[in-house]
Structures are given as structure tokens and as C-alpha cells.
Amino acid sequence: MATETITAEEALAVHGAEAAGPGMPQLDVSSFPNQIFWLLVTLGVIYFVLSRFALPRIGAVLAERAGTITNDIAAAEELRHRAREAEGAYDKALADARVEANRIVAETKAQIQADLDVEMEKADAQIAAKTAESQAAIDEIRESSARNVSEVARDVAREIVAAFGADADVTKVDAAVDAKLGERA
Amino acid sequence: MEGDIAQFGQFIGAGLAAIGSGLSAIGVGSVAANYLSGALRNPSAAASQTATLFIGLAFAEALGIFSFLVALLLMFAV
Amino acid sequence: MATETVALVEGEEPGGLVFHPFDQFEIKPLFGEIGDPVSWYTITNATFWMALAALSVILLLVVGTRGRAVIPSRVQSAAELIYGFVYKMVEDVTGKEGLKYFPWIMTLFLFILFSNYLGLLPLAFTPTSHIAVTAVLALGVFIAVTVIGFVKNGMAFLGLFWMKEAPLFLRPVIAIIEVISYFVRPVSHSIRLAGNLVAGHAMIKVFAGFAAIAAISPLSIVAITAIYGLEVLVAGIQAYVFTILTCIYLKDALHPSH
């Protein structure tokens with residue numbers, strides 16, 4: 001019994017750390033004050049740092065960001081509004097320009113038409129004059145050619161008559177030729 | 001000899017206590033399964049209930065942890 | 001018993017299975033001998049990791065946001081994300097009146113979050129795995145919420161336990177249950193956090209112990225990786241759950257009628 005006790009004590013001495021206290025260090029009451037003290041210190045430090053520095057700073061940054069975003073959205077809205085206005089002005093200017101262009105086109109067209117009419121009239125008059133002139137020339141040519149025809153016919157007739165040897169009266173031959181030409185004409 | 005019996009009792013007790021932590025696995029699985037089936041029925045409401053899911057899981061798991069702790073205490077502390 | 005202890009001790013020589021899942025939770029003085037007594041002011045590994053958590057908070061939320069940029073840098077973006085997350089949580093759950101307590105809730109959330117995540121580093125110590133720490137946090141929340149409830153509502157705060165919707169004869173029974181559940185809150189609140197972390201970290205250590213057997217060591221490494229991934233999730237979720245439960249308790253104090 002005695003020897004056994006000694007061996008047990010020796011065993012305890014060898015593995016003092018494990019065998020001495022209770023198995024779970026969590027239940028070692030002697031370390032509690034230490035842990036609680038340092039826990040409170042740590043929590044105090046973290047709370048101090050958080051409440052004094054970190055949280056106000058992060059809160060401010062988040063608020064600033066939210067403000068910036070709101071402002072940016074407002075600015076974007078403003079810009080969009082302005083862009084819409086500019087677009088409206090542009091459309092209006094475009095429509096005005098189109099109306100103006102149409103007006104100018106119509107005006108020019110009317111003017112050109114007027115000029116064209118005048119020129120047309122002038123040309124028509126000229127053409128009519130030329131036509132009349134030509135008609136006169138043609139009439140004259142026709143008349144002269146008819147006359148030539150009768151002259152040639154009289155000459156031929158005179159020659160034919162002379163060839164037959166008959167001393168025909170010139171005036172009679174001419175009259176006969178004219179009569180024949182008059183029949184055919 | 002009586003040490004033997006005590007140790008025997010400790011180990012048996014620790015083993016029995018460990019069953020409890022296994023049973024809590026059923027609880028955790030049931031929480032997760034029911035959450036999943038609910039979430040699949042109504043996915044739009046799922047996101048708002050994740051906090052409840054985790055609390056439920058923690059409660060179910062905590063009881064298993066308690067029995068595991070009892071097992072540990074029996075094995076190493078008593 | 002004694003001989004068995006010796007046998008057990010001899011069995012723990014290198015080569016065999018060695019499970020020390022709780023060594024990682026030991027509180028040790030940072031300076032001086034291992035066996036030195038830990039008095040309340042001793043600088044321990046707990047102190048170191050809590051200070052590291054506080055330092056990380058300062059780095060992220062103060063140094064990270066020193067630019068005050070409207071278009072944030074990456075770190076500032078992360079800080080703003082956490083701020084917005086907790087702010088929205090407080091606002092959604094407690095309403096506008098709760099925003100007054102937002103810095104406190106933020107402090108809790110950040111401390112727990114960073115303790116949890118820093119604790120996941122190899123060889124790290126996790127302050128939130130200690131019931132002493134989480135109990136102080138939960139008791140602080142409990143006392144603060146109770147005080148706020150009575151200051152804001154006076155005796156009407158007791159209406160929290162008196163269900164107007166229930167039939168009259170059931171109300172006393174429900175009131176008793178409600179009172180008990182009200183006082184159990186800090187217990188479950190603190191054990192949930194510490195328990196989750198202890199369980200995860202101990203589990204990793206147990207699997208690490210199995211790695212000593214060559215045949216199953218690949219499996220155990222895969223298991224450690226998987227559990228580590230789960231723990232990353234749990235670290236975040238537990239911080240979230242602790243915070244949102246704080247918000248819910250605060251909501252009860254601000255609006256006890258429903």
C-alpha cells in the first residue's frame with residue numbers, strides 16, 4: 001500500500017501538469033480572475049477604440065458616400081434635364097430650318113417658273129416669227145418654182161412646136177401650156 | 001478495482017452522452033431540410049429568413065454540443 | 001489505481017496513442033516558469049491572444065479606414081461591410097431605439113469573431129473557448145439587458161413573463177416557465193459559444209492523436225481538414241449567433257410587450 005502510494009506520487013510528480021488539476025483547463029477556477037480581468041481590459045480597449053475612432057469614422061464615410069451618391073444622382077438628373085432641353089431646342093431649330101428651306105425652295109421654284117414662262121413666251125414668239133418667215137420663204141420658193149415650171153413648159157412647148165416646123169404663134173402656145181398647167185395644178 | 005468500475009462508468013457515460021450529440025445532428029438536418037423546402041416553395045421569402053435559420057441551427061446544435069461537453073467532462077474532467 | 005496510472009503513463013510513451021485534447025486550452029504565464037501561479041494581473045497566453053484580437057480590430061477598423069475614402073480600399077471595404085452587417089442586424093432586430101447600444105454589440109461581435117478566427121491558427125489559444133470568458137460576456141449581456149428593461153419600462157418589463165394571449169389559468173404556469181427560461185439564457189448563451197469552440201478544437205486534437213497510427217493517418221488528416229473547414233464556418237456563425245441573440249434579448253428589453 002505504502003509503496004503504491006509512493007509510485008502514485010512519483011507518477012503525479014512526473015506528469016504534474018496533467019494530473020494535478022482537473023482535466024479541463026476551462027474548469028480551473030484559479031485562472032478565472034486572470035481571464036476575466038484581461039477580458040474586461042480587452043473589451044474596454046475595443047469599445048474605446050470603436051466608439052471614439054472607428055464607428056464615427058465609418059459612419060461618416062458611409063454618410064458621405066450616401067451624400068455623394070445622392071448629389072451625383074441629382075446632378076445626373078439635372079444634366080439629363082438639360083440634355084433634354086438642348087435636344088428640344090435642337091429639334092425646334094431643325095424644324096425651323098426645314099420650314100425655312102421649304103420656303104426658299106418654293107420661292108426659288110416660283111421664280112424659276114416665272115423666268116421659265118417668260119423665256120418660253122419669248123421663245124414661242126421667236127419660233128412663231130421664224131415659222132412665219134420660213135412659211136413666207138417657202139411660199140415664195142413655191143411660187144417661183146411654179147413660175148419656173150410654166151416658163152420651162154412654155155419653152156419646151158415652143159421648142160417642140162418649132163421642131164415640128166410649125167411657126168406657131170407664141171402667145172397661143174403659152175396660153176395652151178398655161179391652160180394645161182392650170183388643169184393639172 | 002473500484003477505480004476500474006469508476007472508469008468503466010465514465011466511459012460508458014461518455015459514450016451514452018455522445019449519442020446526444022449525434023441526435024442533435026438529426027435536429028440540425030431537420031431545420032435545414034425544412035428551411036430548404038420552404039425556401040424552394042417561396043424563394044422570395046427565403047432571404048429574409050436566413051437569420052432565423054441560423055438561430056434555429058444554433059439552438060439545435062447547442063444541445064448537441066451540451067451532450068458532447070458532458071461526454072468530454074466524463075472522459076477528461078471527472 | 002496507482003500502478004495502473006504508472007502503466008497508463010508508460011503506455012503514453014511516443015509511438016502509442018496520445019490524446020491531450022485539452023492541453024491547448026491551458027492558461028500559461030507568457031513570461032517566467034511554466035508552473036508559476038496565475039494571479040489576476042499575470043500576462044498569460046490568454047492575455048496575448050485577447051490583445052491580438054483587439055489589435056486586429058484596431059488594424060481593420062481604425063488603421064484600415066484611415067483613408068476615409070469615398071471609394072474605399074479593400075481593407076476599408078471589409079471594415080464597412082462588417083459595420084453595415086452589424087448595424088443592419090441591430091436595426092432590423094431591435095429597431096431604431098437599439099442603435100444606441102450598437103457600439104457595445106459591435107464590440108462583442110468583433111471580439112468574439114476575432115478570438116474565434118485567431119484561435120483557428122495552429123498553436124493558437126482561443127479565449128472564447130473558456131467558459132470564464134463567455135460567461136462574463138453572457139452575464140454582462142444578461143445584466144445589461146435586465147437593467148435596460150427595467151429602466152426603460154419600469155415594472156411593465158415584467159409583462160415579458162405574463163402572456164396576455166394565453167388562457168388565464170395557464171398564465172402562472174407559463175410565467176414560471178418564462179422566468180426559468182429567462183434565467184437560463186446566460187447559461188445557454190455562454191455555453192453555446194464556449195462549447196462549440198471547445199468541441200471543435202478538441203475534435204481536431206483527437207483526430208490529430210489518431211494520426212500516430214500509420215494506417216489511419218491519411219484518413220485522420222483528411223478528417224482534420226474537413227473539421228477545420230467546419231470550424232471556420234462555426235467560428236463565424238457562433239459570433240453571429242451570439243450577437244443576434246444579444247440583439248433579440250435587447251429587443252425583449254426595449255419592447256417587452258411582444
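How far apart are the end C-alpha atoms over residues 12-74 of chain B, and what percentage of the chain there is helix? The legends below, which describe a predicted model, begin with that span.

**View 1. The annotated domain of chain B.** An unreviewed UniProt entry lists residues 12-74 of chain B as "domain: V-ATPase proteolipid subunit C-like". Over this span the chain is 94% helix and 0% strand, and the end C-alpha atoms are 9 Å apart.

**View 2. Chain B as a whole.** The chain holds 3 helices and 0 strands, and its elements follow the order α-α-α from the N terminus on. Along the principal axes, the C-alpha atoms of chain B fill a box of roughly 65 × 15 × 10 Å. The radius of gyration of chain B is 18 Å, whereas a compact globule of 78 residues would have one near 12 Å.

View 3. In an unreviewed entry, UniProt gives the annotation "transmembrane region" to several spans of chain C, among them residues 71-90 and 206-227. Residues 71-90 of chain C are 85% helix and 0% strand, with end C-alpha atoms 25 Å apart.

**View 4. The interface of chain C and chain A.** Contact between these chains involves 49 residues of chain C and 40 residues of chain A. The area buried between chain C and chain A is about 4,000 Å², and carbon and sulfur atoms give 75% of it. Trp40(C), Val70(C) and Tyr83(C) supply 14% of the area that chain C buries against chain A, more than any other three residues.

**View 5. Polar and charged pairs between chain C and chain A.** The count for this interface is 1 salt bridge. Arg65(A) forms a salt bridge with Glu80(C), and the closest N and O atoms of the pair are 2.8 Å apart. Across the interface of chain C and chain A, 12 residue pairs are in polar contact, with both residues at pLDDT 80 or more.

**View 6. The side of chain C that touches chain A.** The elements giving two or more residues to this side are α1 (2-11), α2 (45-63), α3 (74-94), α4 (102-119) and α5 (131-153) of chain C. By residue class, the side of chain C that touches chain A comprises 33 nonpolar, 11 polar and 5 charged residues.

Methods: Residues numbered from 1 in each chain as written. Chains lettered and ligands numbered in written order. Predicted model: local features only at pLDDT ≥ 70, side-chain atom pairs only at ≥ 80, totals over all residues. Heavy atoms only, no water. UniProt positions renumbered as here; feature names shortened; annotations may be inferred. Helix = DSSP H or I, 4+ residues; strand = E, 2+ residues; numbered from the N terminus. Contact = heavy atoms within 4.5 Å. Buried area = accessible area lost by both parts, 1.4 Å probe. Salt bridge = Lys/Arg side-chain N within 4 Å of Asp/Glu carboxyl O. Polar contact = N/O pair within 3.5 Å; in protein donor to acceptor, adjacent residues only side chain to side chain. Nonpolar A, V, L, I, M, F, W, Y, C, P; charged D, E, K, R; others polar. Rg over C-alpha atoms; globule rule 2.2 N^0.38 Å.
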